[in-house]
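Reader: I would like to go through the assignments in this structure and hear the grounds for each. Please set each value against its criterion.

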Amino acid sequence: MAEQIKAANESVIEPEITIQQPAPGADFNPVEDVIYRRRSVRFYKKKQVPEYVVRRMLEAARFAPSAGNGQTWKFIVVRNQQMIKEMTQDVVKLFKLQMKFTDYITKPNKLKEWYAKFLQRVANNSFHPIPFAGIKMIAEEKLGLWHGAPTVILIMADKRTPGDPTLDVGIAGQNLVLAAHSYGLGTCWVSFCATPLSLKLKWRKKLGIRYPYKLVTSVAVGYPRGVPDGYVPRETTAIDWFEEDGTFKVVY
Amino acid sequence: MPEHMRLRDRLRIESYHRLGKDVVLGVVAIDQDKCNGCGLCTHCCAANAIVLKNKKACINEELPACMSCGDCVAICPNQAIELKEFIQFKCYFRYLDRGKPEPPRKF
């Protein structure tokens, strides 16, 4: 084991790069540029992503920080188009069922409204109005689940690892996504699939969603149609700032 | 003084029924002269907020609508779309102190 680690350490080549702190008001460096230009892509070409590119993205995810170096993630790459289709169909089916009980928008219904708002209170993240509307649109098949992306990467977390496994999985996923965007690929985070796939016995067996793993999220990967990446305005969220001299300010 | 949630806000959950009162949706302005009807924005919109009418992109009147992600702004090849307003909730899901929208800044 010790010899293996020694060999691995020797094989690492330290690249000679000059990392500089930017001057005030300087242009964005390539890393910042990829971060700022990243947009969720919801319109893909059918062309498959080469295998080595996907391997390269997953390699970037492998070097993400995690609590206690737990490396909690487990990735499942799905490139079987038939399987993606079946998964989408099953998710749509379950969302349709859910909408039978909670859709109070299309037809006003007091009981359904009460039930939906109860859900919004007890599970306020999953039933926030925005994903709620998203679920409705997926059930009506107005919104594709993975938008026809040729490659889908499902991300699972090990429940036993230190800290917050879902957070660590998010960090790893973002590494993967930024790497993909730097190659000119498009990605989209899709977490709608997590609960429906975990509920269905077929997919629990096929994807291995069982203890200690839980399905957290998924990323759709493919070549985008058009040029979706670019700068957009975003809110400047308030930042509380405690300065060295004891003053407090809120910056935007 | 930082913003806070009042008890009244925490008790009431907003509904898309009361649009404009509970929820203020995002607003995108589409320049009809610049739009060439390529339809890229309708495909990339996650909320189905943009539809093609007479080969021009238009705001969809039906629900659900814009969550101001800016994907359409970025994808438009003719720069015909502009983000005007951000989505806002007024009660339980209210966002606190989000500031004004701005593109990436160079400090």
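Reader: Why is C38(B) called partly exposed?

Author: The model is predicted, and the label comes from a neighbour count. C38(B) has 17 other C-beta atoms within 10 Å. A residue is buried at 20 or more and exposed at 12 or fewer. The count of 17 falls in between, so C38(B) is partly exposed.

Reader: Where in chain B is C38(B) found?

Author: C38(B) lies in the loop between β2 (27-30) and α2 (40-44) of chain B. Its C-alpha atom is separated by 20 Å from that of A65(B), which is 27 residues away along the chain.

Reader: What makes up the secondary structure of chain B, and in which pattern?

Author: Chain B has three helices and seven strands. In sequence order they follow α-β-β-α-β-β-α-β-β-β. The C-alpha trace spans about 50 × 40 × 20 Å along its principal axes, and buried residues make up 30% of the 107 residues.

Reader: What are the corresponding values for chain A?

Author: Chain A has nine helices and seven strands. Its C-alpha trace spans about 65 × 55 × 40 Å along the principal axes. Of its 252 residues, 29% count as buried. Among its contacts between residues at least 6 apart in sequence, 77% join residues at least 24 apart; for chain B that share is 60%.

Reader: What makes β4(A) mostly covered?

Author: Strand β4 (residues 213-222) of chain A has ten residues, and eight of them are buried. Each of those eight therefore has 20 or more other C-beta atoms within 10 Å of its own.

Reader: What pairs β3(A) with β4(A)?

Author: Strand β3 (residues 186-190) of chain A pairs with β4(A) over five bridges, in the antiparallel sense. Here V190(A) stands opposite S218(A).

Reader: Why are β1(A) and β3(A) called edge strands?

Author: Four strands of chain A form an open sheet in the order β1-β2-β4-β3, with antiparallel pairing. β1 (73-78) and β3 of chain A each pair on one side only, and are the edge strands. The twist averages 25° from one strand to the next.

Reader: Which helix packs on this sheet, and what does it touch?

Author: Helix α7 (residues 165-182) of chain A packs on the sheet and touches β1, β2, β3 and β4 of chain A. Its direction makes about 10° with that of β4(A).

Reader: How many residues does each chain give to the contact between A and B?

Author: Chain A gives 34 residues and chain B gives 33. On the side of chain A, the elements that give two or more residues are α5 (110-122), α6 (129-139) and β5 (234-235). α6(A) gives the most, with five residues. That side of chain A divides into 17 nonpolar, eight polar and nine charged residues.

Reader: How do you know that β5(A) pairs with a strand of chain B?

Author: β5(A) and strand β7 (residues 101-102) of chain B share two bridges, in the antiparallel sense. The criterion is at least two, so they count as a pair. In β7(B), E102(B) stands opposite R234(A).

Methods. Residues numbered from 1 in each chain as written. Chains lettered and ligands numbered in written order. Predicted model: local features only at pLDDT ≥ 70, side-chain atom pairs only at ≥ 80, totals over all residues. Contact = placed C-beta atoms within 7 Å. Nonpolar A, V, L, I, M, F, W, Y, C, P; charged D, E, K, R; others polar. Axes fitted to C-alpha atoms, helices over the stretch in contact; angles between N-to-C directions.
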